[in-house]
4 protein chains.
Amino acid sequence: MNNLKLTGRKPGDLGSVIDVCGVRVGEEFVVIAGPCSVESEEQTLRTAVAVKAAGAKMLRGGAFKPRTSPYAFQGLGLKGLKILDKAKRETGLPIVTEVVDTRDVSWVGEYADLLQIGARNMQNFSLLREAGKSGKPILLKRGMYSTLEEWLNCAEYILAEGNASVILCERGIRTFETFTRNTLDLSMIPAVHAESHLPIMVDPSHGTGIKYMIEPMSLAAIAAGADGLEIEVHIDPPSALSDKDQQLRPEEFAAMMRRLDDLRDFMGERLEAEAEAIRKGDAISTPAPRSDMASSAAAKDVATQTDTDVNASAHADATRSIASRDPFADAMD
Amino acid sequence: MNNLKLTGRKPGDLGSVIDVCGVRVGEEFVVIAGPCSVESEEQTLRTAVAVKAAGAKMLRGGAFKPRTSPYAFQGLGLKGLKILDKAKRETGLPIVTEVVDTRDVSWVGEYADLLQIGARNMQNFSLLREAGKSGKPILLKRGMYSTLEEWLNCAEYILAEGNASVILCERGIRTFETFTRNTLDLSMIPAVHAESHLPIMVDPSHGTGIKYMIEPMSLAAIAAGADGLEIEVHIDPPSALSDKDQQLRPEEFAAMMRRLDDLRDFMGERLEAEAEAIRKGDAISTPAPRSDMASSAAAKDVATQTDTDVNASAHADATRSIASRDPFADAMD
Amino acid sequence: MNNLKLTGRKPGDLGSVIDVCGVRVGEEFVVIAGPCSVESEEQTLRTAVAVKAAGAKMLRGGAFKPRTSPYAFQGLGLKGLKILDKAKRETGLPIVTEVVDTRDVSWVGEYADLLQIGARNMQNFSLLREAGKSGKPILLKRGMYSTLEEWLNCAEYILAEGNASVILCERGIRTFETFTRNTLDLSMIPAVHAESHLPIMVDPSHGTGIKYMIEPMSLAAIAAGADGLEIEVHIDPPSALSDKDQQLRPEEFAAMMRRLDDLRDFMGERLEAEAEAIRKGDAISTPAPRSDMASSAAAKDVATQTDTDVNASAHADATRSIASRDPFADAMD
Amino acid sequence: MNNLKLTGRKPGDLGSVIDVCGVRVGEEFVVIAGPCSVESEEQTLRTAVAVKAAGAKMLRGGAFKPRTSPYAFQGLGLKGLKILDKAKRETGLPIVTEVVDTRDVSWVGEYADLLQIGARNMQNFSLLREAGKSGKPILLKRGMYSTLEEWLNCAEYILAEGNASVILCERGIRTFETFTRNTLDLSMIPAVHAESHLPIMVDPSHGTGIKYMIEPMSLAAIAAGADGLEIEVHIDPPSALSDKDQQLRPEEFAAMMRRLDDLRDFMGERLEAEAEAIRKGDAISTPAPRSDMASSAAAKDVATQTDTDVNASAHADATRSIASRDPFADAMD
């Protein structure tokens, strides 16, 4: 992966932290939640309040929906963005919404705090360049047919425009298996951490398309070291205008979040203890690349970064990342 | 495939004919040829003259190249379009070129006679809508990850905007096989003819990525009933700025075209004889759906077309197509 | 593909001819036809008589059926083999039937003239070795998940046991596309001809799983240079115990065979003319690798074959094949 | 999945427990470890001692290796089995080894405690039947191209012979992604638990083919509710005769096992607490299907099973499984 001048991980690179209205992806674990589509003010606001109460740190909601058929619900457009804006004012949650057209990047960017580029547009290079020029944080989903190399090159398109705020999101790839909607490829978590300094989130809703799989796959993503999750929540899934089968009810989401938090806490403590042992010289061997859950803990003492990157400030705010995430650290141990 | 109101084939529908500056795709067999990218005036003009001499009916050439890496050659843009325009004036060949951005559709459409939407943008629904509004004939390539159903729904996006001039192009799908660049899925030829009235072309250059496979796969596409081919030709492939390994030299293309023409002639004559036998009542059984090579032959007696195009009568001008292409004809035999 | 000591094509290698009871695959074009499963004596004999009349050169029929579910019809076993034997005595057609167990190779081999190893057993290496030891001609189908390299290595297992009589058969691979049962990969025809001296047949019945696609895909396979076809024919498809949707009726098969024969004749004549032109020095350029349809024609003047088969001279008897099939011939032109 | 008479999960079914020499898969979490291939007595014994010390409960080692090329190392055969036998006598670890030929099932079964059927033989139905007749516990790996439905049907072949002791093992499927050796499909963990009562293990070694991914994918598998892991360990990976790149050194394995154990303990405690809360009526809602880590804990009090299953005793020893694993439990909450 030679061409990844800005996206690639070089020896010594720490993981980047992407700041979205104060939510620091790559440093803190972040759950983005909300409906597949913004359908009405009531539906969106009630969902926003509920997911915030359950611990979500950002609100997602689609105003422009890429749909297989031109006759399917296409989203509320500007009206949807205004509803999201209201939800932000009421809950304080930053807004994550998809942009699907180069012409919309600037004005949709006025409503969105984190602009999502969806799987079907991953290789819409014009859109990637506009996203780069916008300077907004970008959530770049993996195309359902795209290799890791292609995906990271798409991030490179954005970074090459001077925008270092890119978060990757694995959302399942298309395979022969039809039991699940897509095949969620969790191996991309360690792969991205090894090849790039960008944070990686996981979308188990689209990744499986099956409600009962969202919790186990979310737990798995946490255990594998994901930096966050994007999960679809709807106040009344059976009435949803899109993706009925994979949206959680607010109470299901809340119950799941408690279990996710427990696992997060456990993994954070465990890695903090390991970092402590390393500092004291108790540890005989440090493991090969692993999850970066101890970021806020271990990293504070271990790493001090002096940012001299070529790229504007591609890693500027990456100061909090952990040594343990660095696959090159191996040699040192 | 219930939602294909305009793209779907209904019992009795004949195949549509798409007119591109007098070249009638669906009625006559059409080879589009030219370089992957427009690189210079000399390269483009020399190629244009050569492919015309060999029998190509349209000139292809990319001015905007979707490339995996942002650091790869991205095309000459407007300069490239002007070179194509010059090539058109010199050879009379209609121009086929890709558009990759909604903002470019109108002005690129002033240079292009057939606007190509590439595999990576197949589900760029905003671009599909703009392509629909433009009223220009569209060459819609199959996404490397897309099912027949998704592909036809993308055509539906264009037709739903009132633009019935869509030509489909199979260019290979992504599978586990890495020997070939893609897996060229020729079964889409009879599949498209059964499910839709739109014509289908085949791109064996991208479909295989291997020079020595272009001829056998082109012959196969003709035998299976394709309405045309899109083939990359470059005056000096080793120096090409993209796709070096799959571009033919003009003399290779010319030699191949002679063999393609022979096969086309043979299949046309054979089907004409069959059509004649049917008219005379000599034929005991008529086959199930098969290639539509007899179009120009058999069809002449069957129907006369008055071209009045445009949406409301998406199929209106399809009257020149052949009964033998109609999968519903079965029942009558 | 370095390890293909016996299966690989070396510069100068001609295509191998595999003799099955006098039917010479690789030299003459061979259609194998018959029911998916042997279900009864009447069904099998009537089908055998019909496919012979239509021009098939071998009779296929499954006595041991690999089925997804243990509760599906598993084949008649020995009883089925005896029915096939009777069909052979009545029609003279060599028998093609599948073997699925190492323990059965020798006794099934007493009934079969061409032992088929199915897609699901392609990498059953024990079975491949037994097939090699048996000395019987083997029809090795491509696994639905296997690369060209793996497939040729499986042939190598057989050749490495001293059995050079292997015919490859492309039958479709598994992809995300569900419209067709499998994705028939016709690019394997030129690929196998380039990488190996073994002949390659195509099975459009399993390759598409859709009746109306069998003819166009058969024509395409011929045009791309396949050495033969394997096609499922049943006297009453709706009553078939397996693969109802993809078996042709005898009259459909006969009608199709006439069109396949026409195309075969045409391509043979055309290549014979080209060979003649080359001999006379009229031809300016010889094409890159292409179909080997002229084998019986062009080859007659080129070489004379004495059949002395068996391993040590895996390629020894391949002398009848055509120069035009040789991808290395390029350099000479 | 209608045909899964014995393998399918019916409402009320508890998860099966498969007893392998006292190791109870489905009840306790089980790590199988050992070299890809048995290469020598020293290599095997040293590995066996090391993996036992690190907490592995069974020893794996291949004596018959299915290899792509016939010229690659094929395993030591009987000699390898005798080495495994010695390792078992020295360590007490039950032996897991692959069988690849119907003729070998009975005698290999004398050395193996858990017979492995590999991915390439998943649909070798003759071998499945012999495995069923053997009565030995079977570890059935998922074919690299097989759907959940096909996989469970292969288990059904074994159960239909009266052998209910089947453990499934996800080992990655083949997709377009080449960065990893296979795409490890962890969604099969909740899927198998929902559709079947059989336990499911995960093989991250073959599933990723990359050393640094084994730990994060193992942690993820645990978090998603896997019943165990199969991991390749070699005393000197660079000298291994197969799969060099994915085998862990004993000390790497031991370090990883400590982290796996911690996660296992945490998840067990958490679920035990949840089960306790349910018993006390404290819990307002019980989650949808989730990991079954609390099996030994929660299940003891919650479930008492009276086995009256139709199928011989397909579930006979499933008495220890947990309510929380039952996807049908949802309705009750």
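Predicted model: local features only at pLDDT ≥ 70, side-chain atom pairs only at ≥ 80, totals over all residues.
Residues are numbered from 1 along each chain as its sequence is written, and chains are lettered from A in the order in which they are written. Local features need pLDDT of at least 70, side-chain atom pairs count only at pLDDT 80 or more, and totals for chains, interfaces and linings use all residues, while side-chain values use heavy atoms, leaving out hydrogens and water.

**View 1. Packing of helices H1 and H2 in chain D.** H1(D) (residues 41-54) and H2(D) (residues 78-91) pack at about 35 degrees, with axes 9 Å apart; helices are DSSP runs (H or I, at least four residues) numbered from the N terminus, and axes are lines fitted to C-alpha atoms over the stretch in contact, with angles from 0 to 180 degrees between N-to-C directions.

**View 2. The axis relating chains A and C.** Chain A superposes on chain C by a rotation of 180 degrees with 0.0 Å of shift along the axis (RMSD 0.0 Å), by least squares on C-alpha atoms of residues with pLDDT of at least 70 in both. This is the relation of a two-fold axis. In chain A, the C-alpha of Phe176(A) is nearest the axis, at 2.3 Å.

**View 3. Surroundings of Asn121(B).** Asn121(B) lies in the loop between strand E6 (114-117) and helix H4 (125-134) of chain B; strands are DSSP runs (E, at least two residues). Not counting residues up to four places away in sequence, Asn121(B) touches Asn124(A), Glu98(B), Val100(B) and Leu127(B).

Definitions and conventions. Contact = heavy atoms within 4.5 Å.
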